[in-house]
Amino acid sequence: MNCTSPEIMTIMTAREIRNGDIVFCGTGISMLAAMAAKNISAPDSVIFFESGAVDALLEDLPWAVSDSRVMWGANSNGGLMDAFATMQNRITGDRVIAILGAAQIDIYGNLNTTAIGDYSKPDTRFAGSGGGCDVASFVPRCIVFMHHERRKFVRKLDYLTSPGNLDGPGARRRAGLPPGGITCVVTNMAVMRFDKDTKEMYLDRFYPGITPQQVLEHMEFAVDISRARPADPPTEEELRILRGKCDPRRMQL
Amino acid sequence: MGDSRSKVMDLDEAVRTFVRDGSHISIGGFSISRNPMAAVYTIIRQGIKNLHVYAHSNGTGIDELIGGGCISRLEIAYGGNGKAATTCIRFRKAVQEGTIQVEDYSNYQMTLRFAAGAMGVPFLPTRSSLGTDIINRWGFSEEMRQNDPKIVGKKLVVVDNPFGSWADAPRVVLVPAIKPDVTILHVQKADDQGTCRILGLTYADIEQAKASRHVIVTCEDLVESGELRKNPGLNQIPFIHVSAVCHVPYGAYPTAVYRCYDYDLDYLIAYAKAARDERLFRKYQDQFIYGVSNHGEFLERVGRKRLEEIKADPTRGYATNLQWYDRGEAP
C-alpha cells in the first residue's frame with residue numbers, strides 16, 4: 001500500500017462523512033479528514049468547532065480549535081453556547097458527525113480522556129472532556145480516532161468521560177441520552193463498528209497487510225471478527241486530493 | 001450618558017484591589033487564544049495564593065497560575081496548550097502529585113454554569129454527561145463542600161424531566177451556577193468605563209463576565225466611548241459589569257489575539273519544555289515573571305523582533321509568515 005498510516009486513517013474517516021453533514025472536529029488529523037471529505041465526496045459538508053466558528057475557510061491549518069485561523073473567512077464567529085446549540089438543535093444536531101480522540105475505549109465505545117489510574121490521584125492526567133462528553137451525549141454519529149494498542153482498548157475504563165453505548169443495549173435511553181454516541185472507531189489497523197443489537201464493538205474492515213488476528217492481539221477484549229472484510233485502500237485520487245489540497249505543506253501527514 | 005467615571009487603572013493596582021488570597025476567579029480566552037496573560041503574570045508576581053478557579057477549555061493562563069503556586073482548587077473541563085502541550089504540563093503534574101484539588105466538568109456544562117450565574121438562577125439543565133463519571137466522580141469531598149459556604153453542596157444532580165417526556169428528554173442533569181468574585185478578560189477594544197468589543201470568537205467570555213461580581217478588563221486599544229457607540233451592535237460587554245480597565249498592549253502574549261497578533265509557538269514550546277523540569281521551570285519563572293516588574297518589561301525581555309514576527313496580517317488576522325509554519329514543523 002502506497003500510503004502512510006495517518007493517510008489511510010484520514011481517508012477512512014473522510015469516507016464516513018456524507019454530503020450535507022455538519023462536522024465537529026478538533027485540529028490535526030481529525031480536521032484533515034473533514035477537509036478531505038469536503039474536497040472528495042462531501043462538498044456541501046460544513047466544518048464547525050466547539051470554540052464557536054462555523055464553516056471556517058481553513059486556508060491555513062489551525063493548531064488549536066480557538067486559533068485565529070478558524071475565524072478568518074468563517075461563516076460566523078460565535079462562542080461556546082453557539083457551538084453546543086448546533087449539536088442540540090434538532091434540525092442541525094441530527095446532521096452532526098463528530099471526530100474525537102481518546103486515551104482509552106471499551107467494548108461499548110465509551111471513552112476516557114480524563115485520567116489513567118485512580119481519578120483522585122491519577123498516574124497520568126489528560127486534558128479532560130473539553131466538548132467531547134457533550135458531543136458524544138448529543139449527536140447521532142461520532143468517529144473515534146485511535147492507535148490500536150492493548151492499553152487503549154481496555155476491558156474497563158479508568159474513567160468514563162464520554163458516553164458510547166454505556167453498559168449495553170438500551171443503556172443510553174435508560175440514562176436519558178438520545179440515541180447515538182460513538183458509532184465508528186478508525187485506527188491505524190482497522191475500522192470497527194457497533195452491533196445494532198448487542199451494542200458491542202466488532203471488526204468491520206482491516207487494512208492491507210493486516211489480519212483480523214493481528215487486530216485482536218492489539219486489544220485487551222475480544223470482538224466479533226466474523227463480519228470482517230479487507231478495507232478498500234485509499235485510491236490514487238483520494239491521496240492526490242488529500243496531499244495536494246488539504247495538507248500541501250505536509251504539516252500533519 | 002451612563003456612568004462617566006473612568007475605571008482606568010494600572011494593572012498592578014487592579015489586581016491588588018480585586019484579587020485576594022482565596023478569591024474565586026475565572027479568566028477569559030480558550031487554550032492558546034486571548035488569555036489575559038499580563039494579569040496572570042501580575043497575580044503570580046503579587047504572590048496571591050489559594051485561588052479557586054473556574055475554567056472551561058483554558059490553557060496557558062491556568063497552567064502558569066498553577067506553576068506559580070496560586071491555585072489550590074480548580075473546576076475545569078479541559079487543560080491543554082494546543083500543539084505545544086496537548087495536556088498542560090504544570091496542570092498534569094499538580095493533579096498527579098495532588099498539590100491542587102480538581103473537579104471535572106464538560107465545556108458545555110461550564111458554559112451553562114457561567115450562564116446560570118449571569119441569569120441569577122441556581123442551576124440550568126442539560127443532557128450532557130448522563131451515565132458518565134463526570135456525574136459519578138466528585139473532585140471535592142462532601143465534607144469540604146459543607147465546610148465552605150462558597151462551594152455548592154453537590155457536584156451535579158440528575159432529575160426526571162418535570163415536564164414528562166417533553167422534548168424527548170426523560171431525564172436531565174442540573175449544573176449549579178458559578179458566581180466568581182472576579183473574572184479577568186483580555187479584549188481587543190475597550191473604553192475607559194469598560195465597554196468591551198471582542199473581535200472574532202467570544203468563547204464563553206460574555207457569560208463569564210456577566211456571572212461575576214467584578215470584572216477586570218485588559219485591552220489592546222483603549223478607545224473613546226464615542227467610537228464604540230458608533231456601532232453598538234458590535235460591543236458584547238456593557239460597562240455596567242466592569243470594575244477596572246487596564247490598557248495593556250500585547251496583554252495576551254504569548255497567546256493569540258485575533259486581528260492583533262498570533263500566539264508565539266516558540267515561547268509556548270520553550271515553556272512546555274521548562275515546565276517538565278523543576279530547575280528549568282524556576283529558571284524560566286525567574287527570567288520572565290519574577291525578574292521583571294510589569295508586562296512592558298516582560299515584552300522587552302521577549303524582544304521586539306519576536307513581537308514583530310507574530311504580528312497579524314491585516315487581512316487574515318493572524319501571522320502569515322511564521323518560520324515554524326513555513327518549515328512545516330509539527331511541534
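This is a predicted model: local features need pLDDT of at least 70, side-chain atom pairs count only at pLDDT 80 or more; totals for chains, interfaces and linings use all residues.
Among the open sites, the largest pocket has a volume of about 1,500 Å³. Of the 49 residues that line the largest pocket, those closest to its centre are Leu100(A), Gly101(A) and Ala102(A) from chain A, together with Tyr78(B) and Thr86(B) from chain B. At least two lining residues each are supplied by α2 (29-40), β5 (96-101), α4 and β10 (141-146) of chain A, and by α4 (89-97) of chain B; the largest share, three residues, is that of β5(A). The lining of the largest pocket divides into 22 nonpolar, 21 polar and six charged residues. The second largest pocket, with a volume of about 470 Å³, is lined by 19 residues, of which Arg127(B), Trp166(B), Ala167(B), Asp168(B) and Ala169(B) are the closest to its centre. By class, the lining of this second largest pocket consists of 12 nonpolar, three polar and four charged residues.

The interface between the two chains was examined next. Contacts involve 60 residues of chain A and 69 residues of chain B, and the area buried between chain A and chain B amounts to about 5,000 Å², with carbon and sulfur atoms accounting for 56% of it. Within chain A, the residues that lose the most area to chain B are Trp63(A), Trp72(A) and Arg125(A), which together make up 15% of what that side buries.

Five salt bridges are found between chain A and chain B, and a salt bridge joins the side chains of Arg69(A) and Asp262(B), with an N to O distance of 2.7 Å. Polar contacts, counted for residues both at pLDDT 80 or more, link 34 residue pairs between the two chains. On the side of chain A that touches chain B, the elements giving two or more residues are α3 (80-88), β9 (124-125), α4 (132-138) and α5 (171-175), and the residues of that side divide into 25 nonpolar, 21 polar and 14 charged.

Technical notes: Residues are numbered from 1 along each chain as its sequence is written. Chains are lettered from A and ligands numbered from 1 in the order in which they are written. Side-chain values use heavy atoms; hydrogens and water are left out. Contact means heavy atoms within 4.5 Å. Buried area is the accessible area (1.4 Å probe) that two parts lose on being put together, summed over both. A salt bridge is a side-chain nitrogen of Lys or Arg within 4 Å of a carboxyl oxygen of Asp or Glu. A polar contact is a pair of N or O atoms within 3.5 Å; within protein, one must be able to donate a hydrogen and the other to accept it, and residues adjacent in sequence count only if both atoms are side-chain atoms. Helices (H or I, at least four residues) and strands (E, at least two) are DSSP runs, numbered from the N terminus. Ala, Val, Leu, Ile, Met, Phe, Trp, Tyr, Cys and Pro count as nonpolar, Asp, Glu, Lys and Arg as charged, and the others, Gly among them, as polar. On a 1 Å grid over the protein atoms alone, a cavity is a set of points where a 1.4 Å probe fits but cannot get out, and a pocket is an open set with protein on both sides within 12 Å along at least five of seven lines; lining residues have an atom within 4 Å of a point. Grid points are joined across faces, edges and corners, and a volume is the space filled by probe spheres set on the points.
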